[in-house]
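This report describes selected residues and helix contacts in the structure shown below. It is intended for a reader who is meeting the structure here.

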Amino acid sequence: MPAEKRISDAELAARVVRPAFGEVLTEHMVSVQWSAEQGWHQAEIVPYAPMLIDPAMVGLHYGQVVFEGLKAYRQPDGSVAAFRAVDHARRFQRSATRLAMPEPPVELFLDALAELVAADRRWVPEDDTKSLYLRPILYATDPSLALRPGTRYRLLVLAMVTETFFGEGAPPVSVWASTRYARAARGGTGEAKCAGNYAGGFVAQVEAVEHGCRQVVWLDAAEHTWVEEMGGMNIFFGYGDHLVTPPLSGTLLPGITRSSVLTLATELGMTVEERMLSLAQWRADCASHAMTEAFACGTAAVITPVGHVAAESGEFRIGDGRPGPAAARLRTALVGVQRGRVPDRHGWRHELAGPDPAARTHA
Ligand SMILES: *Cc1c(COP(=O)(O)O)cnc(C)c1O
């Protein structure tokens, strides 16, 4: 579908000055259908607009919905590259499988991103603090209240302009360790990026805010003892140049930023260790000053230092409560690869559009 210009350049420029996260969507979206008979079909770029849904659809009633979140960055040569797009495509497949949904092929996922970026290229920010956040989502569309997986699905890809929240130099966040609610249990859906996981977490986020904290820290569901994640991000603990992060036990979301931090930290001469840490040990390590910093990481916020922890059992400060050096070094290294400022040693940059706006990378 031709990308007709619906929004003037001036209005576009005004909308993206201070984009609130999730609110500045671009003009187009990708839509693809799946049915048992036809497989993936009817792939198209359509204007971003409200859609008709069947009020009885499976996705709405039974939460058969998975999504992804990745970012595209303008590169120094004018091209546009997504960060670790193939890894996001594979995780999308794993999430779909966990919810008994068809796996979107990696090529379909990548082509959808490229087509959307081609249609909405003028929305890809030039600015160093901004990027284009891409949101693939897959849901069951069958109009049926029968309690079984759908037989028809729709894949959409939306894009929005984002500014890095908790941006560079932002003060560390305070976190609330919830012993009342859990995010994920063994055998559950914690490893999948499925919509219901977030609905189940909102109440703990509200509890965190009531305790004066910005984010919730999730403890394991069985013992309410072991630190697992922070909000929609993975967490790292810094002991000088030694980093510790909880292992992927099956209840954590395997973050692509987490994986990138583990690789980059080693390259920067730090040591890394995947092991469990209890809330009590976290407090003890801060009291003894062995732990010097902590930070969370994820696509949306990149790297966010954590300065203060509160829980029913009391509160404590991490290090001197200021952003730590490991978080700062890792952020610089990570952003460098994402924005094309340093060589890409791991094949993490996936070109979605070439330097010449007139030519497309993917036909
Ligand atoms: C998406 C997500 C993360 C971070 O994953 P990235 O791939 O780094 O963006 C961490 N935890 C949860 C619960 C998430 O949904």
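Predicted model: local features only at pLDDT ≥ 70, side-chain atom pairs only at ≥ 80, totals over all residues.

## The annotated lysine

The loop that connects strand 8 (173-178) with helix 5 (195-210) contains K193. An unreviewed UniProt entry places the feature "modified residue: N6-(pyridoxal phosphate)lysine" at K193.

With a relative accessible area of 13%, K193 falls under the 20% limit and is therefore buried. When neighbours within four places in sequence are left aside, K193 is in contact with V65, V66, F67, E68 and G69, with R91 and S95, and with Y198 and L253.

T162 is part of strand 7, which covers residues 152-163. Its relative accessible area is 1%, so T162 is buried. Leaving aside neighbours within four places in sequence, the contacts of T162 are P19, F21, K71, T129, K130, S131 and Y133.

I303 is found in strand 15, which spans residues 302-311. This residue is also classed as buried, because its relative accessibility is 2%. Between the C-alpha atoms of I303 and L334 the separation is 9.0 Å, and the two residues stand 31 residues apart along the chain.

## A buried loop residue

D220 occupies the loop between strand 9 (215-219) and strand 10 (227-230). Is D220 buried or exposed? Its relative accessibility is 7%, so D220 counts as buried.

Not counting residues up to four places away in sequence, D220 touches T225, W226 and E228.

## Helix 3 against helix 4

Helix 3 (residues 85-98) and helix 4 (residues 106-119) have axes that come within 9 Å of each other and cross at roughly 125 degrees. The two helices are therefore oblique to each other. The crossing of helix 3 past helix 4 is right-handed.

On the side of helix 3, the contact is made by A85, V86, H88, A89, R90, F92 and Q93, while helix 4 contributes V106, F109, L110 and L113. By class, the residues of this contact comprise eight nonpolar, two polar and one charged.

## Helix 6 against helix 8

A further helix contact involves helix 6 (residues 256-267) and helix 8 (residues 325-338), which pack at an angle of about 110 degrees with their axes 10 Å apart. At this angle, helix 6 is therefore roughly perpendicular to helix 8.

Helix 6 takes part through T257, S260, V261, L264 and A265, and helix 8 through L330, A333 and L334. The contact of helix 6 with helix 8 has six nonpolar and two polar residues, and no charged residues. L334, named here on the helix 8 side, is the residue whose C-alpha atom is separated by 9.0 Å from that of I303.

Note on methods:
Residues numbered from 1 in each chain as written. Heavy atoms only, no water. Axes fitted to C-alpha atoms, helices over the stretch in contact; angles between N-to-C directions. Helix = DSSP H or I, 4+ residues; strand = E, 2+ residues; numbered from the N terminus. Parallel < 35°, antiparallel > 145°, perpendicular 65-115°, else oblique. Left-handed = near helix turned anticlockwise from the far one by under 90°. Contact = heavy atoms within 4.5 Å. Nonpolar A, V, L, I, M, F, W, Y, C, P; charged D, E, K, R; others polar. UniProt positions renumbered as here; feature names shortened; annotations may be inferred. Buried < 20%, exposed > 50% of the residue type's maximum accessible area, 1.4 Å probe, protein only.
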